[in-house]
Amino acid sequence: MLAPSAAHVPVAVDRLVKVYKTVTAVNGVTFVLESGSCTALLGGNGAGKTTTIATLMGLVEPTSGRVSVLGARMPRQRHLVLHRMNFESPYVNMPMRLTVRQNLTVFGLLYGCADVADRIRSLAEDLDLADFLDRPTGKLSSGQKTRVALAKSLINEPELLLLDEPTASLDPDTADWVRGRLEQYRRRRQATVLLASHNMGEVERLCDRVIMMKAGRIEDDDTPPRLLARYGRRNLEEVFLDIARGTREAREAAQ
Amino acid sequence: MSAPASARVAFSPRRVGAMVLRYWYLLRSSWPRVLDLIYWPTVQMLMWGFLQLYVSQHSSFFSQAAGTFIGAVLLWDILFRGQLGFSISFLEEMYARNLGNLMMSPLRPGEFVLALMIMSIIRLAIGMVPVSLLAIAFFGFNLWGMGIALAVFFMNLILTSWAIGVFVAGILLRHGLGAENMAWTFMFLFLPVTCVYYPVSVLPAWLQTIAWMLPPTYVFEGMRALLIDKVFRADLMAQSFALNAVLFAAAVVGFFLYLRSARREGTLLQGGD
């Protein structure tokens, strides 16, 4: 059974540690996500973002610490809540030989959609998929594939959406379009979103909170305006660089 | 919300159906995949059939034991293709980098395994039914004429093939595509030891002990008893079932241990080599 007190909190991570053999990927990370919030998980390569997200999805077992998602302890109780969450990641693909409609049908059935055909119709309308619904997924352009991956991640109208680089390798126009759709979805569904991204413009536009990670630890955690003020910077990219490079501004802000 | 509470039930035939549908879509979209299911069993059956024909013309024993080679190759194909059908469907997810999507979905490991079992039977049927009909046309060997014995042989062989398939899937989860060769070659370990083409008595004593620990040995001995002595050995089949139950249980335990290890090592999201 889900813990009643934790059931309202979409994500609660408490002193999470993940060690792969001799490498510590995540080292004592603690955070809680508020319902309906959009939070960015930022950090350089190897900062521990993907491991943290994979742990939330139940794909990685923590070495120590506690991870609770929609009230379920991960990964042990993941089957209680997997139908209420979804994700998009560059580490996975949709099967390329299947058409978009076939892929969405399979995932619609896996996620327990009541009327799969109707859900696909609705997603096709929202995400402009109608023109290529019956084309093999592998024959689509990068932008179209991203839209299909987004459709898959929204097929069950998740309460919690985990996004790992959702606009990587997209042209600015398509990336902007995807961000618009994500914003729209979050507002309409009051969904909680956790986003890992290297695109600071994207983070500033979508997120109301930023968690900065470095070497498996949380270096800073605040709203974008407060981070800008504390580091005395004009944009999040400069804040990101301060933290990644451990500059004087970063040290002062930490104090 | 479109995902109902039933989406979290412990076992969902709908999710099993979704996975079978996914593999069916894949087969339908690729004629080389379908051709591959028929091509090699046909080549094997023709080669062993003609060899049997030649040997029986020069040996009174083999002229009495008509069909043992073709029977053996067809039953071996049930064992080998059954496992391959299971493992290839699993590998398709790794090739497609779709394993993370599935592992993150409400699909349960048991449902995934059941879908792979169903697919192994579907793939086997696509390959074996035409080949068994060709065996009648070319050599007058009617596999279906074995009747109820064939059903028992089939059940025993497919159980072994699933057990190996489940275990290999666990290895693939843990070690990624670097362990792909296991899927293609693991069953060949069984070929000499389970005495597909010759009786167990041919083996040295120490190897006979090992042979009798493997369920398919009883099936191939049973097939020879049926074709040569015209006797159905129910005792052999019962022993095969008992061993299969142990082997399958061990394979499932192995699979879940590998799955746990994959979660610890973070290989579920990678799936590469």
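Helices here are DSSP runs of H or I with at least four residues, strands are runs of E with at least two, and both are numbered from the N terminus. With that settled, α3(A) is followed by D128(A), whose phi is positive, near 55 degrees. This is a predicted model, where local features need pLDDT of at least 70, side-chain atom pairs count only at pLDDT 80 or more, and totals for chains, interfaces and linings use all residues. Residues are numbered from 1 along each chain as its sequence is written, while chains are lettered from A and ligands numbered from 1 in the order in which they are written.

Let's stay with α3(A), residues 116–126. A residue is called buried if 20 or more other C-beta atoms lie within 10 Å of its own, exposed if 12 or fewer, and partly exposed in between, with C-beta atoms placed from the backbone. On that count V116(A), R119(A), I120(A) and L123(A) are the buried ones in α3(A). Look down the axis and they fall within an arc of 100 degrees, so they line one face of the helix; the arc is that of the directions from the helix axis to the C-beta atoms. The face turned away carries the exposed A117(A), D118(A) and E125(A). Cover for the buried residues includes α2 (100–110) and α4 (142–154) of chain A.

Now the interface. Two residues are in contact if their C-beta atoms, placed from the backbone, lie within 7 Å. By that rule, 35 residues of chain A touch 34 of chain B. The largest share of chain A's side, five residues, comes from α2(A).

Chain B has twelve helices and zero strands. Of its 273 residues, 45% count as buried, and its C-alpha atoms fill a box of roughly 70 × 40 × 35 Å, taken along the principal axes.

One helix to look at in chain B is α11(B), residues 215–228. Twelve of its 14 residues are buried, so it is largely enclosed by the rest of the structure. From first C-alpha to last, α11(B) reaches 21 Å, close to the 20 Å expected, where the expected span is 1.5 Å times one less than the number of residues.

| Helix | Residues |
|---|---|
| α4 of chain B | 68–95 |
| α7 of chain B | 148–175 |
| α10 of chain B | 205–211 |
| α12 of chain B | 234–265 |
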